[in-house]
Amino acid sequence: MGAGILEERKESILVKDHCSGNGKGIQCETQSVSGAVSQRACVYCGARVVLNPITDAYHIVHGPIGCASYTWDIRGSLSSGSDIYRNSFSTDLRELDVIFGGEKKLTAAIDEIVALHKPKLIFVYATCIVGVIGDDIEAVCKAASTKYNLCVIPIKAPGFSGTKTLGYKMACNAIMEVIKPHVQAGQIKKGINILGDFNLAGEMWIIKNYFDKIGVKVVSTITGDASYDTLIQASTAELNIVQCAGSSTYLATRMEEELNIPYIKVSFFGVEDTTSSLLRVAQAVGDAETLARTETFVQEQSKIAQEFLEKYKRNFIGKKAAIYVGGGFKAISLIRQFNEMGIKTVVVGTQTGKKEDYDIIESLVEDDTVILDDTNPAELEKFMKEKEADILVGGVKERPLAYKLGIAFCDHNHERKHALGGYEGVINFTQEVNLTMNSPVWRYL
Amino acid sequence: MLDLTPKKIVERKALRINPCKTCQPVGAMYAALGVHRCMPHSHGSQGCCSYHRTFLARHFKEPAIATTSAFTEGSSVFGGGSNVKQSVKNIFEIYDPDIIAVHTTCLSETIGDDLNTYIQQMDIPEGKIVVHTNTPSYAGSHVNGFFNMMCGFIKYLSKATAVKNGKIGIFPGFVNPGDMREMKRLAKLLKTEFIMFPDTSGVLDAPMTGEYEMYPKGGTTIPEIVSLGDCEKILALGELTSMEPAIELKRKCEVDFDSLPLPIGIQATDAYVMALSHFSKQEVPAELEEERGQLVDIMMDAHANFDKKSVAIYGDPDTVLGLAAFVLEMGMIPKYLLTGTPNEKFTTKANALFEKFGVTGCKAKANGDLFELHQWIKNDPVDLLLGTTHGKQIAKAEDIPLVRAGFPIIDRYVHSYMPLVGYRGAMRLLELICNALMDRRDRDAKDEDLEMVM
């Protein structure tokens, strides 16, 4: 370390060394340093990304236009039904609204939506200035709910009020508000809810298909390809499985405490994680027959994926990967997946990873691997070069950086090209990594 | 699919659906990236900066670098003074730019942060500069942010000395680096000494070198911005974008300006070329005469394929007006012109264009949105869409070909490298339009109607 690293950032960078671990671990779950080129987003962003995949919801952004523009149909989550969520609704607050308040405009906006369409569910996101100008969006939403007898849920998500993780939490609370009025006493609980998968490139469908095959009923998908009608059934599930732990563990905890639905954390990235996740779900909710079916299924699928992987492994000999993703759980899965491919992870970081995620990360990687929390392009560049990474896995802001350095890139975020979950995802991921690392373009550097 | 839009038009007063604009700060960030060794700084929540960088990265496919004050609850109550001061210190220490260009956000504006005072109180290292501009996200659009940032640089830096520098200042407007390169090429062909401001060429279209340069070679230099005050004249291209900074410079340094439309199409390019020629007192070189002749030649060759075809154009005001002028020259009908930017000058200018070319039944609207455009099209369709990526859903729903032009284009490549301006830009535009229309004819043709020669 040293040159090129802000003093305030040094605690957020760790180089694994099993001999002299200082025991403190990495500094994480803090706000970004002022003046840093942070790759991170805000509270509103956190809330929006979790709720956006709910396909028949009207997502109204209450604030100036920007926050609506930047989040218009960018998530890449697919729908098997409605596509209302792929439109952008906002109150586009202007100077006069800032002076006189925006409550009336919000009320009118909801009226106009009701006049145009037949909404069942509306989310109202209050962005940075709404609280400052004193709008009471809870009152507006409540009045609209009563007036039209529909579900209008306020999400008070000013960007400055915390990190993206707080936004996740707000989204989870909003989902609870959708679910709770539909809880009935003495419901028979059967099947599972899938939490924290957003159906990017159709990944939810892949996973749902597995549960179909092994005979486990899927009640609600939260929030990938979700709709109001499926969400309100969520309380009838007997188990929650949580894929994107960073965003959805809080929801799982609340559902456990308030609806008596236990949860397990799963991951469908890589052969190892997919297999163990399916088996754990079968053990938890299935009978002996289900378990046997699952065992056969995962064996078959693993074999196909492994055989496929074997063909490509020689292309990956000696290759090194850098990972910079949103949450800790995805980083962990990716390290495992790269291990399966024979690729060593030399740099790994997350935007919102938690202490326990970083502990697992540290236990998975080899000595000398650089671990980063809330990093910036300068640090990424420095460590990727130092560690001679051949590929970076990240999101849209990291892509041009990798390319500028002449490093291959795979988008594991909103702009992923192919489904990367499940066994199909292993095949897609392997092909994508192979394609980018071995593209002819690198010959012309 | 993707067809939420009802045909029946009901007036909306509060609800914005599918916007055709975004907020000021992203424009300010883009303008600041056009200054050499400048770090754009977003004074607001960290999400703003992240969204703007992502937005720019999606359009330019380049790293768009900027820093943020990263507001907290505390800063929203007590003001963001300490955040921006700490930021500036950190930025100079770690990223070492020559200049930091601060822009505000809706939050810092609403809580009333006074950047003038904050900057005066800062401990700025010797030889380094901090400038700022106010970009309240609830006023104007990203276009305002772009010219406000230009005004900010001018206010802080431009100076008139006793000696003129013999140069013409070119304000290119909110265009791509490819356009700026073409504008500069034309200026060089006319042997004009010029300063282009801002200039994102060489920054957001920097070549692959295997190195990541936080500050690539391009961008207007600080001495050049200072020297704008000594320019003989300014060419403000795109009245709705470049006029404000030209007025600012006139006020501060008494530099005269000519306001011209963006040089898209024949007449607008002619006007640009003539202005340069008039300034440099050079004849228009044969090379340019040749390009112009080629453009007219192509228009003649192909005119039967686009004559009287109707087109809906949407995006930023000056870009839409420029594109409209060119399609009118081509004999097309710009049936709908729409911008999200609230500025009634747009409608006035659009109507003047309709009148000049004698077309009727065309409609122009400022402060509109794409939902409304979609409704117009549902009621009375067009042959072609010309504008940003955000029209893609309309194109799909109505099965109308879309030619991408303007900002942002987040679903295609290469566009930011290629000009729409100048005679060459017009040739490219014509090719894109003509191909889109003719590809559609081929696609729709029955087997027996498919023509090999067209």
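Helices (H or I, at least four residues) and strands (E, at least two) are taken as DSSP runs and numbered from the N terminus. Residues are numbered from 1 along each chain as its sequence is written, chains are lettered from A and ligands are numbered from 1 in the order in which they are written. The model is predicted, and local features accordingly need pLDDT of at least 70, side-chain atom pairs count only at pLDDT 80 or more, and totals for chains, interfaces and linings use all residues.

The complex receives an ipTM of 0.95 and a pTM of 0.95 from the predictor.

Chain B contains 17 helices and 14 strands. The radius of gyration of chain B, taken over C-alpha atoms, is 22 Å, close to the 22 Å given for 454 residues by the globule rule (2.2 Å times the number of residues to the power 0.38), so chain B is as compact as a globular protein of that length. The C-alpha trace of chain B spans about 75 × 55 × 45 Å along its principal axes.

The domain assignment of chain B, with bounds from an automatic or database assignment, gives domain 1 (24–157), domain 2 (168–287) and domain 3 (302–448). The centres of domains 2 and 3 of chain B, taken over C-alpha atoms, are separated by 25 Å. Contact (C-beta atoms, placed from the backbone, within 7 Å) involves 26 residues of domain 2 and 26 residues of domain 3 of chain B. On the domain 2 side, helices H8 (177–189), H10 (239–253) and H11 (266–280) of chain B each supply at least two residues, and H8(B) provides the largest share, seven residues.

Between the chains, the contact takes 60 residues from chain B and 60 residues from chain A. Elements of chain B that each supply at least two residues to the side touching chain A include strand E1 (16–17), helix H2 (46–60) and helix H4 (81–94). H2(B) gives the most to this side, with ten residues. Strand E3 (residues 89–90) of chain A is joined to E1(B) by two bridges, and these strands run antiparallel; strands pair if DSSP finds at least two bridges between them. Within this pairing, Ser90(A) has Arg16(B) as its bridge partner in E1(B).

Several backbone features were also identified. The peptide bond from Ile222(A) to Thr223(A) is cis, with omega near 5°, and Thr223(A) is placed in strand E7 (residues 218–223) of chain A. In chain B, a cis peptide bond with omega of about 0° joins Phe407(B) and Pro408(B). Pro408(B) is located in the loop between strand E14 (402–404) and helix H17 (422–444) of chain B. Asn260(A), although not a glycine, has a positive phi of about 65°; Asn260(A) lies in the loop between helix H10 (245–259) and strand E9 (263–265) of chain A.

Terms used: Contact = placed C-beta atoms within 7 Å.
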